[in-house]
Amino acid sequence: MNSSAAILHPPPTSRTVTRAAGTCPTVKLLPSYEFAVTVIVASFNTRDLLRDCIQSILAECEQLPPGTTAEVLIVDNASTDGSPEMVEDEFAASRSPVRMIRSDVNLGFAAANNLAIEAARGRYLVLLNSDAFFRRGALRLAVQHMDANTTVGVGGARLVSPQGEWQPSARAFPSLWHVFVVFSGLASRYPKSRVFGAFDRTWASPDFQADVDWVPGAFSIMRREALVKTGLFDPRFFLYCEEVDLCRRIKAKGFRVIYWPDVVVTHIGGESSRQLTTLKFSDNESQVALWRMRATLLYFRKHHGLRVWGFRALEDTMHTLRWLRNRNSSDPERRQRGEEARLFLSLMRQAWQETQGGRISPPQPW
């Protein structure tokens, strides 16, 4: 790397941090911005995917219009697979600067992204999962859309699998009705129904732009002005519901949340949760289910008060019925489903106790 490049585009820098969960941190408007956009990736033991992700980001940075600059911030959640060393070794000479923030503990999604947002020097903030990859032109289009729509606080992309299959890319805020139709199977049985397919918007064509309630955290682009008014992610949500909560607060401040079908992002899904290598696969699934229950209890208590009791009652009822229907079956697969339902009942009791009915977040990392 020549000296002029080193001055203009400094190599990755590392910072070791430990942050405890607390109230939502804030971010300030800056008098000027060094970059048009900061792309943020929070990573946990996804080294090889992270490499591909960063390469995807840097390729998109090259496609930005002249004068539109970008930086990349990687927050490493105490990975043990060499992820931070890989970033520092392989991306020191990138034309768009890549900076590394190391955490001594796994901060989860919310707190890790907060850390990067506070350090970001870009006007717009793009959050991208380490198992997500830009399709050609996606970053440029996202920035152009934000420039053209100043009322938009958060923008989302069309998420597709590596095989090109559509993934839920914009959703409705959770409600007791949505919990019921998803757990009862009505949502999957009648996906084109506006009533039963409302949560994942499976009734709507993915080809049309739409104002929506929230977009998944696999990709989002955020307006700094919106975050100034709302605060950042609520760090009590270690994993799950954090983007739902933030989008709800952003909409409450009068900003829009938009789904853009021409911004396309390939998303694999679930890679960080699969890297809990100290757990057996079944235990891994149980751990993730427990995290989901904790987060949903926190969300319902925060935004719906005593309806959190309704959420627990619905989950308990659905799992109890599933257990009773399958426990004495002669079919081994059905008996296994019954055992899983019994396990979920136990996990809900645990989540309820640990969150005090959604009032507190258990000690982190979860």
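**A chat about helices, pockets and loops**

Q: What follows helix 6, and what is its phi like?
A: Helix 6 is followed by Gly185, and the phi of Gly185 is positive, near 90°. Bear in mind that this is a predicted model.

Q: Ok, and which residues of helix 6 are buried?
A: In helix 6, which covers residues 176-184, the buried residues are His178, Val179 and Val181.

Q: Let me step back a bit, how many helices and strands does the chain have?
A: The secondary structure of the chain comes to 13 helices and 10 strands. The chain has 366 residues, and buried residues make up 53% of them.

Q: Can you show me an example, say Phe35, and where is its place?
A: Phe35 is in strand 2, which runs over residues 35-43, and Phe35 counts as buried at 11% relative accessibility.

Q: What is Phe35 in contact with, leaving aside its neighbours in sequence?
A: Once the neighbours within four places in sequence are left aside, Phe35 is in contact with Thr69, Ala70, Glu71, Pro97, Arg121, Gly122 and Arg123. Of these contacts, Glu71 is 36 residues away from Phe35 along the chain, yet the C-alpha atoms of the two are separated by 6.7 Å.

Q: And Val126, buried or exposed?
A: Val126, which has its place in strand 5 (residues 122-128), is buried, with a relative accessible area of 0%.

Q: Which residues does Val126 touch?
A: Not counting residues up to four places away in sequence, Val126 touches Val37, Thr38, Val39, Ile40, Phe134, Leu139, Phe219, Ser220 and Ile221. As for Val154, which is 28 residues apart from Val126 along the chain, the C-alpha atoms of the two are separated by 9.5 Å.

Q: Which residues of helix 12 are buried?
A: The buried residues of helix 12 are Val308, Phe311, Arg312, Glu315, Asp316, Met318, His319 and Asn326. They lie on the same side of helix 12, because they cover an arc of only 165° around the axis.

Q: Why would residues a few places apart point the same way?
A: An α-helix has 3.6 residues a turn, so residues three or four places apart point the same way.

Q: Then what does the face turned away from the buried side of helix 12 carry?
A: That face of helix 12 carries the exposed residues Arg307 and Arg325.

Q: New topic, how many cavities does a search of the whole structure find?
A: The search finds 3 cavities of 30 Å³ or more, and the largest cavity has a volume of about 60 Å³.

Q: What is the largest cavity lined by?
A: The largest cavity is lined by Trp166, Ser169, Ala170, Asp200, Arg201, Ala204, Ser205, Pro206 and Tyr259. The residues of this lining divide into 5 nonpolar, 2 polar and 2 charged.

Q: What about the second largest pocket, what volume does it have?
A: The second largest pocket has a volume of about 230 Å³. It is lined by 14 residues, of which Cys61, Thr68, Thr69, Arg95 and Ser96 are the closest to its centre. By type, the lining of the second largest pocket divides into 7 nonpolar, 5 polar and 2 charged residues.

Q: Which loop is Tyr240 found in, and what is its phi?
A: Tyr240 is found in the loop between helix 8 (224-230) and helix 9 (242-252). Its phi is positive too, at about 85°, although Tyr240 is not a glycine, and Tyr240 is partly exposed, with a relative accessible area of 32%.

Q: Last one, which residues does a cis peptide bond join?
A: A cis peptide bond joins Gln364 and Pro365, with an omega of about 5°, and Pro365 is found in the segment after helix 13 (332-355).

Notes. Residues numbered from 1 in each chain as written. Predicted model: local features only at pLDDT ≥ 70, side-chain atom pairs only at ≥ 80, totals over all residues. Heavy atoms only, no water. 1 Å grid on protein atoms, 1.4 Å probe; cavity = no way out; pocket = protein on both sides within 12 Å on 5 of 7 lines; lining within 4 Å. Points joined across faces, edges and corners; volume = space filled by probe spheres on them. Nonpolar A, V, L, I, M, F, W, Y, C, P; charged D, E, K, R; others polar. Buried < 20%, exposed > 50% of the residue type's maximum accessible area, 1.4 Å probe, protein only. Helix = DSSP H or I, 4+ residues; strand = E, 2+ residues; numbered from the N terminus. Arc of directions from axis to C-beta. Contact = heavy atoms within 4.5 Å.
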